[in-house]
Amino acid sequence: MKKEKYLKRLKPLWMFLIILTAVLGIGHESVKVFASTGTTNVIPGKVSVTKVSALAYNQVQIKWKKTDNATHYYIYYKKSKDSKWTKLASVKSNVSNYTHKSSSKYPIVVGQPYSYTVRAYNSTSGKYGAYNKKGLTVKTLPSTVKLLKAEVRSDKISVNLTWERAYGCDYYEIYRRTAKSSWKMIGRVKSNVLQYTDTAPQRGWRNIYTVRAYNSKTGVYGNYDKTGVFAAIFSVTFDFPTIQEAYRDVLRGINAGDMDHIFMEPENGVSNCEYFLYDMNNDEIPEMIVGSDCQWDEEDRSYIRKICHVYTCIKTEKGYQAKQLNCYIWDPQMSADHDCLYGNYYWYSQSANIKYKYFIEDNIVYCYGCPEEYKIGDKALEDFDAKNPKPVWTKISDYGPLLRM
């Protein structure tokens, strides 16, 4: 009885559904298609990737805008020149960013450009949305070097620089500048080395240093600390245990391009800077002559001459001090008797070679008042040059001859 009473109550509902179906013309198959359209044919929208950025030498972040009808997002990447995408990961539809961390399965090579794209997926319909087939491209860089300190060493003429390990590199490049100069690379070391000694800092200046990581396989540099760390060398005069060390310090200073006139540069600037050693006054302390090339113009011709400074060493209680003497000598020539240097002046329009004699007394250089004049091509000039040889020059960066003194 209860069952029949229940069915009797449902009869009006059945009648209503039958009438509604007849009015709307919806048959069984139509209802089936309607249901299918609402579930299995849903296609997600196209994902717009808004940004890809390198977070670190081994990490890339991808961001995108959410789209309609997505239950998941699939993230893909590839080398920029490749055609095939590799699926990295899938995330749920409430997520709009993903960080790719380098792994053995999905590596990130520093300096290698990679493209990233994202595709929406609907798990109910099994359909994928359209996607950016080009993707957005990014490459990672070596990490930025964290500098520790720069400090003057105990010798008072060199600076030691230290830093922390960086990643994604196989070399470090060391740079130096002053308040009036730009960054200049002064050295390169392998990535297992975390310190560098600058043997030729600029005297009288605050020397500022920075270090940049470099990956030689892909040719990319990391960012660097633009502020840098500094060390200042303000002492002007130093004592050294040997003459060799005193002169080496002069060459270090000139090679570093000192700007405070501690070591005076040639008046026309330094070009092809070289030196030679020669005892001008037979006192067993050889002088060091440092010269720079200089263009010389004479009437209808131009040629290169050597303008030179003379340095000597003074004995002190603590050792030796290098001192620059008060002269310029052009195109020096050594005296066979070790009692002077000859400076040469060529007057080509008159076919003349005039030789000036420079000698030292009490650490002062004097020029003898009466120069010797020779006719170019005469035997007298040939005999003079044969007896008093021209110097053999050495680059200022080569300290070898000093060690053989």
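Visitor: Leaving aside its neighbours within four places in sequence, which residues is R119 in contact with?

Guide: Welcome! This is a predicted model. In it, R119 is in contact with V47, H72, Y73, Y74, Y76, Y128, G129, A130 and Y131. R119 itself sits in strand 6, which covers residues 114-122.

Visitor: Why is R119 called partly exposed?

Guide: Its relative accessibility is 25%. Buried means under 20% and exposed means over 50%, so R119, at 25%, counts as partly exposed.

Visitor: Where is N388, and why is it called buried?

Guide: N388 lies in the loop between helix 4 (379-387) and strand 27 (394-395). Its relative accessible area is 5%; buried means under 20%, so N388 is buried.

Visitor: What does the side chain of N388 reach?

Guide: That side chain reaches the backbone nitrogen of A336 at 2.9 Å. Beyond its neighbours within four places in sequence, N388 is in contact with Q333, M334, S335, A336 and Y342.

Visitor: How do you know how confident the predictor is?

Guide: By pLDDT, which runs from 0 to 100. The protein averages 86, and 85% of the residues score at least 70. Over residues 22-37, though, pLDDT stays under 50.

Methods: Residues are numbered from 1 along each chain as its sequence is written. This is a predicted model: local features need pLDDT of at least 70, side-chain atom pairs count only at pLDDT 80 or more; totals for chains, interfaces and linings use all residues. Side-chain values use heavy atoms; hydrogens and water are left out. Contact means heavy atoms within 4.5 Å. Helices (H or I, at least four residues) and strands (E, at least two) are DSSP runs, numbered from the N terminus. Buried means under 20% relative accessible area, exposed over 50%, partly exposed in between (1.4 Å probe, protein chains only). A polar contact is a pair of N or O atoms within 3.5 Å; within protein, one must be able to donate a hydrogen and the other to accept it, and residues adjacent in sequence count only if both atoms are side-chain atoms.
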